[in-house]
Structures are given as structure tokens and as C-alpha cells.
Amino acid sequence: AGQFGVCCVYFVFVSDNLLQVLRACGVTFSGLNYTDTARLFMVALLVPLLLGSYIRDLDKLAGLSIVANCLVLFGLSVITSYTLSHINLPKSESFGGQIEDLPLVTSPKEWPLFFGTAMYSY
């Protein structure tokens with residue numbers, strides 16, 4: 001049941017991010033609101049993913065897997081370098097602006113976000 005939930009969230013996550021990228025590039029979908037467009041993207045993603053699930057010999061996907069792993073590594077390196085070069089810790093009354101001043105554990109009201117992110121990453 002857990003894996004099924006992850007698959008459902010995958011469709012929502014990928015279609016929403018794809019829609020955001022296209023909108024940032026200036027692509028508009030006239031006559032459709034955001035929710036309807038996202039639903040159309042989900043249906044469009046369903047077709048290639050279903051076709052991919054019918055591949056019986058996974059050796060045929062080895063080259064594609066290598067390319068995907070290289071793209072993931074590239075994306076992680078870009079995100080890491082951007083994050084490290086743009087660290088801006090503002091000073092406040094309770095925070096002195098240094099990483100050492102950050103609390104070790106956040107407040108319990110922020111725990112559901114952490115657990116939701118951790119469950120999705122599974």
C-alpha cells in the first residue's frame with residue numbers, strides 16, 4: 001500500500017513540476033485553469049509510464065539508466081553548488097547569523113513536514 005501511495009504522489013509531483021517549468025518558459029494553456037492542466041499532464045504521463053512497465057527484459061533499459069543516473073548526479077551537483085554559494089543566514093534577535101546558532105531540533109509543529117518529506121523520499 002505504501003508503494004502505491006508513492007506512485008500516486010509521483011504522478012502529481014512530476015506533472016506539477018513539469019507544468020511549472022513550462023509556465024516559467026512562457027508556455028500558456030488558454031482556456032484551462034491550473035488544476036485542469038495538471039490533470040491533463042497526469043494523463044499524458046500515464047501513457048509512457050504504462051508502456052514502460054510492459055518491458056520484460058530490463059537489460060534493454062541499462063543505457064537509459066546510466067543516462068538517468070548521470071542527469072541525477074548533474075542535478076544534485078548544480079543544486080549543491082547553488083545552495084552553498086547562496087547561503088544567507090539573516091540575523092535576528094534569537095539567531096546570531098551563524099550555523100552554530102541554529103537549533104538542533106525544530107519545533108514539533110514542523111515535524112509533519114519532515115515526516116511527509118521522508119515518507120515521500122522512501
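Q: In what pattern do the elements run along the sequence of the chain?
A: Read along the sequence, the chain follows the pattern α-α-α-α. Its secondary structure comes to 4 helices and 0 strands; helices (H or I, at least four residues) and strands (E, at least two) are DSSP runs, numbered from the N terminus.

Q: What kind of model is this?
A: The model is predicted: local features need pLDDT of at least 70, side-chain atom pairs count only at pLDDT 80 or more, and totals for chains, interfaces and linings use all residues. Residues are numbered from 1 along each chain as its sequence is written, and side-chain values use heavy atoms, with hydrogens and water left out.

Q: How much of the chain counts as buried?
A: Of the 122 residues of the chain, 7% count as buried. Here buried means under 20% relative accessible area, exposed over 50%, and partly exposed in between (1.4 Å probe, protein chains only).

Q: And which residues of α2 are buried?
A: In α2, these are Thr37, Ala38, Phe41 and Leu45.

Q: Why might residues a few places apart in a helix point the same way?
A: An α-helix has 3.6 residues a turn, so residues three or four places apart point the same way.

Q: What about Thr37: buried or exposed?
A: Thr37 counts as buried because its relative accessibility is 1%. Leaving out residues up to four places away in sequence, Thr37 touches Leu19, Phe29 and Leu32, where contact means heavy atoms within 4.5 Å.

Q: Then what does Ala38 touch?
A: Apart from its neighbours within four places in sequence, Ala38 is in contact with Ser15 and Leu19. Ala38 belongs to helix α2 and is buried, since its relative accessible area is 10%.

Q: How far is Ala38 from Gln20 in space?
A: From C-alpha to C-alpha, Ala38 and Gln20 are 9.6 Å apart, while 18 residues separate them in sequence.

Q: Where is Leu46, and how far is Leu46 from Phe11?
A: Leu46 lies in helix α2. The C-alpha atoms of Leu46 and Phe11 are separated by 7.9 Å, although these residues are 35 apart along the chain. Leu46 is not among the buried residues: at 36% relative accessibility, Leu46 counts as partly exposed.

Q: What length should helix α2 span?
A: Helix α2 covers residues 34–53, and at 1.5 Å a residue its 20 residues should span 28 Å. The expected span is 1.5 Å times one less than the number of residues. The end C-alpha atoms of helix α2 are 29 Å apart, which agrees.

Q: Changing topic, where is Leu22, and what does Leu22 touch?
A: Leu22 is found in helix α1. Not counting residues up to four places away in sequence, Leu22 touches Val27, Phe29 and Phe41. Leu22 has a relative accessible area of 26%, so Leu22 is partly exposed.

Q: And where is Tyr10?
A: Tyr10 is also placed in helix α1. With a relative accessible area of 39%, Tyr10 is partly exposed.

Q: What share of contacts joins residues at least 24 apart?
A: Among contacts in the chain between residues at least 6 apart in sequence, the share is 38%.

Q: One last topic: how many disulfides does the structure hold?
A: The structure holds 0 disulfides, a disulfide being a pair of cysteine sulfur atoms within 2.5 Å.

Q: What about Cys25 and Cys70: what relative accessible area does each have?
A: Cys25 is exposed, because its relative accessible area is 61%. Cys70 has a relative accessible area of 49%, so Cys70 is partly exposed.
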